[in-house]
Amino acid sequence: MKKQSNLSRLLQIAGSHKYLTYASWGLSAISALMALVPFYYIWKVIQEVLEVAPDFSRAQNLTHNGWMAVLFAVIAVLIYIGALMCSHKGAFRIATNLRLQTMEHIVKLPLGFAEQFGSGRLRKIVNESSAATETYLAHQLPDRANAIATPCGLLVLLLVFDWRLGLLSLVPVVLGFLIMMTMTGQRMQEKMKEYQNALDDMSNEAVEYVRGIPVVKTFGQTIFSFKKFKDSIDRYKVWVIAYTKELRAPMMFYTAAINGVFAALIAGGLIFTRGGVTPEFLLDLMFYIIITPIISVTLTRIMFQSENAMIVDDALHRIDSVLNLNPLAEAAQLEHPHDASVQLNRVHFSYDGKNEVIKDISLSIPAGQTVAFVGPSGGGKTTLANLICRFFDPQDGQVQIGGVDVKNIAKEELMNTVSFVFQNSRLIKASILENVRMGKPDATREEIMAALHNAQCDDILEKLPKGVDTVIGTKGVYLSGGEQQRIAIARVMLKNAPIVILDEATAFADPDNESRVQAAFSKLSQGKTVIMIAHRLSTVAGVDQIYVIEDGQITESGKSRDLLEKGGVFSRMWQDYQTSVQWKVAKEVQ
């Protein structure tokens, strides 16, 4: 099957607006031909001046020819403006449709996709890659039509007046074109891909750096703490310098060739006038010297159009890298969970298809129980919780909720069954009321206020200027990490899902906020199945079951008392934790 070209694909996305794009090409080509007509009238002006010299009072048509040149120049500009109006309207429609198509597909992808893909990279693809198509369609394609029509009309002009000078003026053009070909082509396309990759890396690492600024300020670190961000900048610098040096020589020769047409004409003029200079030849030579700069402008346009075509090709490949990701499959015959129990049967999972993060884990959590996942960082605790929420699907094994495989539960029902309180819950720039209402869009104001009260948020509302209607993030209204966490808990309480997953939910809370968050958790957990992921082992001492997860496997399980008596991994972790909480800052003795 023949691969669809980028242009055909973009025009297909445009729908009925593609006819505006076609119109822009036609108008731009007409504008290019109209822009050459003033040169004919300039030739007539020069001809008349040479004929009447030195008695210029005999010139009768200078004003007429001058105004005709101005008239056609204005007509060419107006037609080109019309072309750009058509191209921009079509381009904006295509860019909009492309963004909508990408975002609609992203919504269907598993929730773990954004974290795995990288928010900075994803933002760049959605915004900048679609914007690249807009620039290409709105400017580059009309200019391409212009650049094709200009040489055609110019070739006629060059050969009509004096074919010898016309052919001579084309020699530098051919030379410049050959040099330009060495700077474009497949190799240039690979370089453009490397360039966009470098920009992607910087964008992604920059977003992560900005998110980490609070940690930097808290611990007094410098930018060098973010080694990945600095490394991405260094890689970009090295690539740009090497690429610039590589193109320096061909670009110098190209610029010299296309701007040296007049030099070739003067050399030709000296050769052709060895027997004497005629007024006719002088007229043609002057005309050629005036008109040939158009050649350099046209060639430069063509070169940049080739570069922008590569940018668009790369942009569409990046958009396709998102569109080609498959949403999680849903069974044709959907089932409903029987209760709030959770079971994992021989589950295996890998992010890259090679290195397993979860290795043959089986466990069963009865409805209404509170369990904890503990273990060393990177052991797979959060990944296991993500599989229960179906942020990802395991490569092997089965995840069940209420005795039903999560693959057979409708996405909306699964989201209403499981609530997730993240380690760093984020609130949108809206009122607290609207932030909490996201948990249950049809909730009344009274239900929202009750959820906020149960989440220990009364003190937050009291200090805000408009209480629950205060918009977060405006006019200096910001909440601490612990306060944001309590608002997020209120949202989960309003949702009232039977299964709650708490992923290090007190990690960024100060002591006062932590006590309030713990009180909110106690209220939230009543009558629900709760899965806690924690490093603070004091928070999991009273749970029904503890699973110690290390290197993607369950190494121990049981109640805290039994695990402490066993003297295994949990016992060592408990001893380390107790030692750490007894640490004190030593006061320097003067």
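**View 1. Glu447 is partly exposed, with a relative accessible area of 32%.** Partly exposed here lies between buried (under 20% relative accessible area) and exposed (over 50%), with a 1.4 Å probe and protein chains only. This is a predicted model: local features need pLDDT of at least 70, side-chain atom pairs count only at pLDDT 80 or more, and totals for chains, interfaces and linings use all residues. Residues are numbered from 1 along each chain as its sequence is written, and side-chain values use heavy atoms, leaving out hydrogens and water. The partner to look for is Lys440, whose side chain meets that of Glu447 in a salt bridge of 3.2 Å from N to O. Such a bridge puts a side-chain nitrogen of Lys or Arg within 4 Å of a carboxyl oxygen of Asp or Glu. Lys440 counts as partly exposed too, at 28% relative accessibility.

View 2. Helices (H or I, at least four residues) and strands (E, at least two) are DSSP runs, numbered from the N terminus. With a relative accessibility of 52%, Asp551 counts as exposed, whereas Lys359, at 23%, counts as partly exposed.

**View 3. Six strands make an open sheet with mixed pairing.** Follow the order S6-S7-S8-S3-S9-S10 across the sheet. At its edges are strand S6 (418–421) and strand S10 (553–558), each of which pairs on one side only. Within the sheet, strand S3 (residues 370–374) and strand S9 (residues 545–550) run parallel and share four bridges; pairing requires at least two bridges found by DSSP. A handy landmark is Val374, which stands opposite Val548 in S9.

**View 4. Arg390 has a positive phi of about 60° although it is not a glycine.** Look for Arg390 in the loop between helix H13 (381–389) and strand S4 (396–401). Its relative accessible area is 8%, and Arg390 is therefore buried.

**View 5. Arg346 is another residue other than glycine with a positive phi.** Here the angle is near 50°. Most residues other than glycine have a negative phi. You will find Arg346 in strand S1 (residues 342–350). With a relative accessible area of 54%, Arg346 is exposed.

**View 6. A nonpolar surface patch covers about 730 Å².** The side chains to pick out are Trp67, Val70, Val74, Val77, Leu78, Ile81 and Met85. Patch residues have over 30% relative accessible area and no salt bridge, with like charges joined within 9 Å and nonpolar side chains (Val, Leu, Ile, Met, Phe, Trp, Tyr) within 5 Å. Areas come from the Shrake-Rupley method with a 1.4 Å probe; for residues, only the protein chains shown count as cover. At 41% relative accessibility, Val70 counts as partly exposed.
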